[in-house]
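Subject: Structure for your study

Dear colleague,

Please find below the structure that I promised to hand over to you. I would ask you to look through it once before reading the notes that follow.

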Amino acid sequence: MRRPINFLKLRFVMITISLLLVAAGVAGYFLRGGLNFGIDYTAGLVQQIRIDAAAVSVDIAEVRDALSEIEGVDLQVIGPPASQAFSVKVIVPGEDPSFQTRMENRLSELLGEAFGAENLEIQSSDFVGPRYSKELAGQTVSIVLVAMLLILIYTTFRFKIRYATAAVLCLIHDTLIMMGVIAVFRLEVTTITVAAIMTIIGYSLNDTIVIFDRVRENQDLMRDSDLAVILNTSITQSMGRTLLTSLTTLLAVATIFIFGTGDIKNFALSLMVGVVVGTYSTVFIASPVVLGWSRLADRRRKRRDIQMYGRQAASPAAQTRREEAASERTAAEGKETARQEPSGPKAPVKITRVQPTRKKKKKKR
Amino acid sequence: MSKRFRLLLILILIGVALAFLFPTIKWYFLVPEQKRELSYASRNQIKLYAEREAADTLRELQDMEPEELLPEEYGFLTEKAKENYRTEGRSIPRMWTVEQLFRGYLSREELLLALEDHFREEIVELKEGAGRRINLGLDLRGGMRVLIRADLEQLEEAGGQSLTAAEREDAMRRALEILNNRVDQFGVREPQIRRQGDDLILVELPGEADREAMNRYVQGKGILNFHLVDEEALAVFIEYQQSNPGAFIGPSGEILQPDILPAGTTLRGVYSKDAYGIDQLRGFTVIESEPGLSGNYIRNAQVNADPITGRPVVNFFLTGEGGEIFYKLTGDNVNRSLAVILGEKVKAQARINEPIRDAVQVSGFDREEADDLALVLRTGALPVPLEVINQQSVGASLGEDAIRIGLQAITYGFALVILFMLIFYKGAGLIADLALVLNLYIMVAVLSVLGFTLTLASIAGVILTVGMAVDANVIVFERIKEEYRTGKSAKAAVKAGFDKALWAILDANITTFIAAVALSLLGKGPVQGFANTLAIGIVSSLITALFVSRLIFDFATDVLRVSRLSIMWRRVQG
């Protein structure tokens, strides 16, 4: 067996990096003036127009000039500049039932005046009314919450609450960082973005669960090992798979990014960020949370036991003297394993029968 | 389970998937472009097509030598002929010649009708098959899509009381009926009108987008009108028609305006429904171009029985304002005729007997005609105010680009993953690739049988699933490698690898599946399409990775007696 890499040693550094990333995202959110919502969430009209390059040559500044009298118009180039395709976005100002037709006519009028009506091609037009957008926004929040809750329930049922919490914390971490990237680069937030975030939630979770599954398996095999060692071993064993799956997924997503345009390109970009962040968080966020929780729980229980029964009774009565000695010996082995996982009734490492400690030997194989 | 049984199961799966896929394959590869286009067309277009084809075929058959054998493609004609032979007590010929076929039909019209039915059925079948094949979404084929909300709250406010569930249902049903009725049957394309959820109606119109026509259609403005008939101009027209019959109908059935009519008058066709519910042109009338009254003033219309004669009458009621206009109109024009015009078609004409205010009775029909007229009149008055909440239109050229991009992305993404697996896992990579291909195949088959609408977002979902679908295989392979390194035999390593990886794979996929289902149930539009692809992909990747890959491994170790696994590049140290 490969020698386990001590991923957990880096946990404080990594958690700090994560917190910094999240903070950068939040800062970006405020500095950039919030998220760049698409019309799915703000209500408005988006048209993709193309001005015949054979007839007139225009750049985005000229188009902006032509549309200068419309307030709050958002203009973007689509695809290669030579094809002269632009996206025009106008937000609905409050409740205005006639907005759609009025604005559609106004846009074609202004652009037609500037570049000739016969050179103007409206390639696509997309309108979302205010009520629908509000509904979509509400729905999005409920989708994410419901999905997370369901995942929490399933993982709690399959594992333990501390694993489930770690998994969900991971998901929140991934979502926050992705949202940060979206805010900083002002990627448009549409329903497709939500799909991207949900995919990453599923993906990152997939990663985390595979490792936790290995942890569960290793807890039976390495009964006397410290939780940190078990976690490190499990991450190391799963590393090949974690990297390979990330790689194949990235390969697939990269092709979407290369070939796609507009919404789909943004979708692929968010996914690439998400896959990287998801892989990272599985290794460096999920396991430390489990470790931290376990240690906190142990310390609290130990303290309570000491208060109630005194130092001698700190371990449960079912435990044999042999194990007591073993635990004390490992505690003496070094700082890292000082707060070792004792085998209380609630601890993840369960010890049911006496057996010789073979931890060192196992590692060598 | 024995290997033979597992193989059988997989073959059955492949077979069923093929059956699922068949309608999609047929549609995109076997049905000619022209017929695909026709299936989007309006009923009237289909009818015209069937008539044209039937006439051509009949001519072709008549031009053939009588003793020539009937070409295979017209085999469908013998069925009716056989029936006729039987009823006349003649013996049915073994080989059908053209002459024998003609003898099987009582008249030329009967044969023409049989041909027409056949061609019409063919297109209608294609049209109705849309629910069993993968359809291209708006963003891929171009067209227009409008999501309309029926404002039931406003209806409640107007009525001053909340609506019961049944009342809401009824209002929605009527709104749908009216939208359906507004469809211009002469339009080139037929819009798809579907109910979505509680109070939403989705209208889709493939092909080039005519935004103004769609708005008119949704708002119903100017769709139903009352026009006075111009008798003088009509007389002029009738005289002209006798010397130029048939000069007023365009190639697709539209009415052409002759120059001889005085300004301010319009020629319109008079229609009634035929057996297929399609409007048939019955004659012409000339109306004043300016409408006398807009149909928007109609409050309600219903069919009643005349208390004395018992004959059906149509009663309709106008709003107060409409009643005033109508009173003036009818008062000034007693004894003239008034035409009810829906779109561009005259649906009814009636003589004005006296000035009428807001309660109008029209009589002189049979029950069916009366029902039809009442329906037409109600078209003007929507039971619920409608509001456009989402409108999308995509040019056809943009759609073509999108398809090309989507196909390219799928091809390259898929190829990259396949190649990667092959290089990384060598022989075992081939197994994973086989599973991957089968996975894509099953996914597309399931999407096909569900009548899935493929959009750019769902193509992205497919690619993503391909990337993630190898995951289950990777988990297993990594496990097998581990076991193999410990010195186990190939067979034992494979068994241990699959057994130990099982729960990791199930747990991981079930949680992702939960996320996908939540997304599918709560999401709408593109999100839902994406989630469905993801969910289907998860299930099929589980089947292929755990079941198909396993069988191939077992086959290799048990039957081919492979003792060395080709799964990694590094040498296994004893």
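In chain A, residues 24 or more positions apart account for 75% of the contacts with a separation of 6 or more. Please bear in mind throughout that this is a predicted model.

**The two chains**

Chain A holds 11 helices and six strands. Of its 365 residues, 42% count as buried.

Chain B contains 17 helices and 15 strands. Its radius of gyration is 32 Å, well over the 25 Å that the globule rule gives for 574 residues, so chain B is more spread out than a compact globule. The C-alpha trace of chain B spans about 110 × 75 × 45 Å along its principal axes. In chain B, 39% of the 574 residues count as buried, and 74% of the contacts with a separation of 6 or more are between residues 24 or more positions apart.

**A sheet in chain B**

Strands of a sheet pair through backbone hydrogen bonds, in either a parallel or an antiparallel manner. Chain B has an open sheet of six strands with mixed pairing, in the order 7-6-12-11-5-8. Which strands stand at the edges of this sheet? They are strand 7 (279-288) and strand 8 (293-294) of chain B; each has a single partner strand, so one side of each is left without a neighbour in the sheet.

The partner of strand 7 can be followed in some detail. Strand 6 of chain B, residues 265-273, pairs with strand 7 of chain B in the antiparallel sense over nine bridges. Within this pairing, Lys273(B) stands opposite Asp279(B) of strand 7. Helix 11 of chain B (residues 231-243) lies across both strand 6 and strand 7 of chain B, and runs at about 125° to strand 7.

In soluble globular proteins, nonpolar side chains tend to be buried together. The largest nonpolar core here has 177 residues, of which Ala147(A), Ala460(B) and Ile463(B) touch the most other members. Helix 14 of chain B (residues 396-449) supplies the largest share of this core, 23 residues. Apart from it lies another core, of 30 residues, including Val286(B), Ile298(B), Ile341(B) and Leu342(B).

What does Ile463(B) touch, leaving aside residues up to four places away in sequence? From chain A there are Ala252(A), Thr255(A) and Ile256(A), and from chain B there are Ala409(B), Ile410(B) and Gly413(B).

**Where two helices meet**

Helix 7 of chain A (residues 191-221) packs with helix 15 of chain B (residues 456-485) at an angle of about 5°, and their axes are 12 Å apart. That angle makes the two helices roughly parallel. On the chain A side, the residues that meet the other helix are Ile192(A), Ala195(A), Thr199(A), Tyr203(A), Asn206(A) and Val210(A). On the chain B side they are Ala457(B), Leu464(B), Met468(B), Asp471(B) and Ile475(B).

**Some individual residues**

Helix 14 of chain B contains Ala415(B). Ala415(B) counts as exposed because it has 12 C-beta neighbours inside 10 Å. Its C-alpha atom is separated by 9.8 Å from that of Asp433(B), 18 residues away along the chain.

Lys426(B) also lies in helix 14 of chain B. This residue has a positive phi of about 50° although it is not a glycine, and it is partly exposed, with 14 other C-beta atoms within 10 Å.

In chain A, Arg186(A) likewise has a positive phi of about 50° without being a glycine. Arg186(A) is found in the loop between helix 6 (161-184) and strand 6 (188-189) of chain A. With 13 C-beta neighbours inside 10 Å, Arg186(A) counts as partly exposed.

Yours sincerely,
A colleague

Methods:
Residues are numbered from 1 along each chain as its sequence is written. Chains are lettered from A and ligands numbered from 1 in the order in which they are written. This is a predicted model: local features need pLDDT of at least 70, side-chain atom pairs count only at pLDDT 80 or more; totals for chains, interfaces and linings use all residues. Two strands pair if DSSP finds at least two bridges between them. Helices (H or I, at least four residues) and strands (E, at least two) are DSSP runs, numbered from the N terminus. Two residues are in contact if their C-beta atoms, placed from the backbone, lie within 7 Å. Axes are lines fitted to C-alpha atoms, for helices over the stretch in contact, and angles run from 0 to 180 degrees between N-to-C directions. A nonpolar core is a set of buried Ala, Val, Leu, Ile, Met, Phe, Trp, Tyr and Cys residues joined through C-beta atoms within 7 Å. A residue is buried if 20 or more other C-beta atoms lie within 10 Å of its own, exposed if 12 or fewer, and partly exposed in between; C-beta atoms are placed from the backbone. The radius of gyration is taken over C-alpha atoms; the globule rule is 2.2 Å times the number of residues to the power 0.38. Angles under 35 degrees count as roughly parallel, over 145 as roughly antiparallel, 65 to 115 as roughly perpendicular and the rest as oblique.
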